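Please read it with the sequence and the structure side by side.

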Amino acid sequence: MSNFFKKLDARLDTIDEYEREPVPDNKLKGWKGFLGMYAGEHTAGTEFVIGPLFVAHGVAAGELIWGLIAGNVLAVLSWAFLCAPVAVQTKLTLYEQLKKICGPKLSSIYNVVNAVMFCFLAGSMIAVSATAVGLPFGIPMPELGDWLPTSIGWVVTVFLVGLVITVVAILGYDFVARFANIAFPWMILVFIAAGLAVLPDLGVNSISDFWSVAQERIWTGVPAEGQSKFTFWHVMFFAWFANMAMHIGMSDMSILRFAKKWQMGFSSATGMFCGHFIAWIASGILTAAAAGAIAPGIIAYNSAGVAGAICVVIAGWTTANPTIYRAGLAFQSVTPNWKRWKVTLFTGFVTSIAACFPALVMLLLDFVALYGLVLMPMGAVIFLDIIVFPRIGLKSNFAELVNLDFNWSAGLTWFVTLLLCLFINLYMGIEIFFLGLPGWFIAIILYFGLSTYYQKQFNKSQILGNAQV
């Protein structure tokens, strides 16, 4: 047995993900390496949660359709014009790039926050898959108001699902992308088939019936008891900022650093319009047909039988895999002496603990908005530092140039932006879903101003001398 574990350890050590160095040219990938990955990641088990929550918050049918179109287009443009150019130029993970800009101390603080946030996000996806895995065993599913684990069976199911997802993430980006490419075509067909299957139960017997039924029985514009009212603007900004940490926040540098050219950022459209458009609409239809049931496994099973339940499981996996992969890279940047596979295993364990708490799923809309907002300012810092500073005479990677442990211009940008966003939320009454847009411009202005002042405190000989070392 000891020889088996030694061989396994040696095999896992050979998986090189270029965590601390630029991805070499011979490892770069074409469109195929991203189209399926984005489609699989964003056609996820969580779509079975987000779609129903729009129904619960009383979004009207027209507001939903136009809000999703506008928000998803803006999300794709954010990937293509903000994140992808930086990722292709540096070929580094977000975490290694931040060390160059912010210094090791500040980047370590950020990376821990980033990793914990991604653990919670992946945990919600594990929980979604677990609602389907537990069905054959009669395990009680969490309800809308549940915050704590509902049974020992629920906890065991969550950990088993978490183990499978973690193993896939350990095997590296190639395996994650391959898994998504295989699973996605079948998943999106199940979403569509399940939605179509329940339409007759809602009174849709022809194409002409759909719009009136959609307005009267699905997206009625009337929120459920105890839920706030959502409008077009909520839908648009949520669709845009649901993955704010990935595109505006630059976390997908860890994925797009493998891209041959920046235009591959447009491959995110497969995820936005297959997942965040078709799947959100389909899951909203399913929850209306299920009379308000919200557990994803139950919703899918009631509409598409075993295929629906399996779809929930696989959809949760295809999203949690790259999320745990990102979180593992973030933790590893803080623990460089740990092997990547061991860090990812630890990350999966933490994620599985988080997944045991149903509140993570039931408050998913608010959590997604919060984690994107927390990580957004550093995305603005990276974009300005890599793309803009060289064009206006300021130095990129300043902490590396002058050997700083803590770049105060970046640190203050992060902290002050979040404080100002909190002020805007509390005293101006602007909801968390909308804060990302003003927050990004606040971060841009702060980092430009602070960097202009901060870099002047170092004379040219200091900068040039460190650059030559």
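1. The largest nonpolar core has 124 residues, and those with the most contacts inside it are F54, W219, M250, Y371 and I382. A nonpolar core here is a set of buried Ala, Val, Leu, Ile, Met, Phe, Trp, Tyr and Cys residues joined through side-chain atoms within 4.5 Å, and buried means under 20% relative accessible area, with exposed over 50% and partly exposed in between (1.4 Å probe, protein chains only). The largest share of this core, 17 residues, is contributed by helix 16 (residues 364-392). There is also a second, separate core of twelve residues, and A122, I139, V158 and I165 are among them.

2. A word on the basis of these values. This is a predicted model, in which local features need pLDDT of at least 70 and side-chain atom pairs count only at pLDDT 80 or more, while totals for chains, interfaces and linings use all residues. Residues are numbered from 1 along each chain as its sequence is written, and side-chain values use heavy atoms, with hydrogens and water left out.

3. For the chain as a whole, the model has 20 helices and zero strands, where helices (H or I, at least four residues) and strands (E, at least two) are DSSP runs numbered from the N terminus. Of the 469 residues of the protein chain, 58% count as buried. Among contacts (heavy atoms within 4.5 Å) between residues at least 6 apart in sequence, 87% join residues at least 24 apart.

4. Helix 3 (residues 47-56) is mostly covered, since ten of its ten residues are buried. The buried residues include E47 as well as F48, V49, I50, P52 and F54, and F54 is also one of the residues with the most contacts inside the largest core. After helix 3 comes G58, with a positive phi near 70 degrees.

5. Which residues does W219 touch, not counting residues up to four places away in sequence? The list is V55, V59, A60, A61, L64, F210, A214, I281, G284 and I285. Q215, in helix 9 (residues 207-218), counts as partly exposed because its relative accessibility is 39%. Leaving aside its neighbours within four places in sequence, Q215 is in contact with A61 and T220, and its C-alpha atom is separated by 9.7 Å from that of V59, 156 residues apart along the chain.

6. Helix 6 deserves a careful look. The axes of helix 6 (residues 104-133) and helix 18 (residues 408-427) come within 10 Å and cross at roughly 35 degrees; axes are lines fitted to C-alpha atoms, for helices over the stretch in contact, and angles run from 0 to 180 degrees between N-to-C directions. L106, I109, Y110 and V113 of helix 6 make the contact with A410, G411, W414 and F415 of helix 18. By class, this contact has seven nonpolar, one polar and no charged residues, with Ala, Val, Leu, Ile, Met, Phe, Trp, Tyr, Cys and Pro counted as nonpolar, Asp, Glu, Lys and Arg as charged, and the others, Gly among them, as polar.

7. Two alanines are found in helix 6, namely A115 and A122. A115 counts as buried because its relative accessibility is 0%, and its C-alpha atom is separated by 6.1 Å from that of F331, 216 residues apart along the chain. A122 is likewise buried, with a relative accessible area of 0%, and the C-alpha atoms of A122 and T323, 201 residues apart along the chain, are separated by 5.8 Å.

8. S268 lies in helix 12 (residues 268-289) and counts as buried because its relative accessible area is 0%. A polar atom of the S268 side chain lies 2.8 Å from the backbone oxygen of G265. Not counting residues up to four places away in sequence, S268 touches Y38, V76 and W79.

9. Finally, two loop residues are worth checking. Most residues other than glycine have a negative phi. K91, in the loop between helix 4 (61-90) and helix 5 (94-102), has a positive phi near 60 degrees. N403, in the loop between helix 17 (398-402) and helix 18, has a positive phi of about 60 degrees although it is not a glycine, and N403 counts as exposed because its relative accessibility is 63%.

Definitions and conventions. Polar contact = N/O pair within 3.5 Å; in protein donor to acceptor, adjacent residues only side chain to side chain.
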